[in-house]
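Q: Please walk me through the model shown below, one topic at a time.

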Amino acid sequence: MEYDQKVINRMKRIEGQVKGIIKMMEENKDCKDVITQLSASRSAIDRAIGVIVSANLIECIQNLDELEDRTEEDVVQEAVNLLVKSR
């Protein structure tokens, strides 16, 4: 699967968030503030997972004829399993 620039940029923003959290920890910032930022990062990662899984699902459905012995149902089930696994 090819990842478009939007997804890569999303991950770079998450990277920036994590670096900011590390800096907060090094500066001994309040626990509540650190947890708030960690929660925001986790939400951003969850959204990124959703974007990537849905793009992959679309790609697989569009190229279903190239997938050996796999049905639409198989491809959708695999996408659902990826989402469940990510939680």
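**Salt bridges, helix contacts and individual residues**

Q: To begin, is Lys19 buried or exposed?
A: Lys19 counts as exposed, at 54% relative accessibility. Buried means under 20% relative accessible area, exposed means over 50%, and partly exposed lies in between, with a 1.4 Å probe and protein chains only.

Q: What should I know about the origin of these values?
A: This is a predicted model, in which local features need pLDDT of at least 70 and side-chain atom pairs count only at pLDDT 80 or more, while totals for chains, interfaces and linings use all residues. Residues are numbered from 1 along each chain as its sequence is written, and side-chain values use heavy atoms, with hydrogens and water left out.

Q: Which residue forms a salt bridge with Lys19?
A: The partner is Glu15, and the closest N and O atoms are 3.8 Å apart. A salt bridge here is a side-chain nitrogen of Lys or Arg within 4 Å of a carboxyl oxygen of Asp or Glu. Glu15 is partly exposed, with a relative accessible area of 42%.

Q: Where do Glu15 and Lys19 lie?
A: Both lie in helix α1 (residues 5-26), four residues apart, which is about one turn of the helix. Helices are DSSP runs of H or I with at least four residues, strands are runs of E with at least two, and both are numbered from the N terminus.

Q: How many salt bridges does a search of the whole structure find?
A: The search finds two. Glu27 is partly exposed at 43% relative accessible area, and Lys29 is partly exposed with a value of 43%.

Q: What about Asn28, where is its place?
A: Asn28 sits in the loop between α1 and α2. Its phi is near 55°, a positive value in a residue other than glycine. Most residues other than glycine have a negative phi. Asn28 counts as exposed, at 69% relative accessibility.

Q: Changing topic: how do the axes of α2 and α3 cross?
A: The axes of helix α2 (residues 31-62) and helix α3 (residues 72-85) come within 10 Å and cross at roughly 170°. That makes α2 roughly antiparallel to α3. Axes are lines fitted to C-alpha atoms, for helices over the stretch in contact, and angles run from 0 to 180 degrees between N-to-C directions. Angles under 35 degrees count as roughly parallel, over 145 as roughly antiparallel, 65 to 115 as roughly perpendicular and the rest as oblique.

Q: Which residues meet there?
A: From α2, Ile49, Gly50, Val53, Leu57, Cys60 and Ile61 meet Glu72, Val75, Val76, Ala79, Leu82 and Leu83 of α3. Contact means heavy atoms within 4.5 Å. By class, the contact has 10 nonpolar residues, one polar and one charged. Ala, Val, Leu, Ile, Met, Phe, Trp, Tyr, Cys and Pro count as nonpolar, Asp, Glu, Lys and Arg as charged, and the others, Gly among them, as polar.

Q: How many residues does α2 have, and what span?
A: Helix α2 has 32 residues and reaches 47 Å from its first C-alpha to its last, close to the 46 Å expected at 1.5 Å a residue. The expected span is 1.5 Å times one less than the number of residues.

Q: Which residues of α2 are buried?
A: Val34, Ser41, Ala44, Ala48, Val53 and Cys60 are buried. What covers the buried residues of α2 includes α1 and α3.

Q: Take Ser41: what does it touch?
A: Not counting residues up to four places away in sequence, Ser41 touches Gln17, Val18 and Ile21. Its relative accessibility is 4%, so Ser41 counts as buried.

Q: And which residues does Cys60 touch?
A: With residues up to four places away in sequence again left out, Cys60 touches Leu67 and Val75. Cys60 is buried, with a relative accessible area of 15%. The C-alpha atoms of Cys60 and Ala79, 19 residues apart along the chain, are separated by 9.8 Å.

Q: Last one: where is Arg87?
A: Arg87 is in the segment after α3 and is exposed, with a relative accessible area of 69%. Arg87 and Ile49 are 38 residues apart in sequence and 10.0 Å apart in space, C-alpha to C-alpha.
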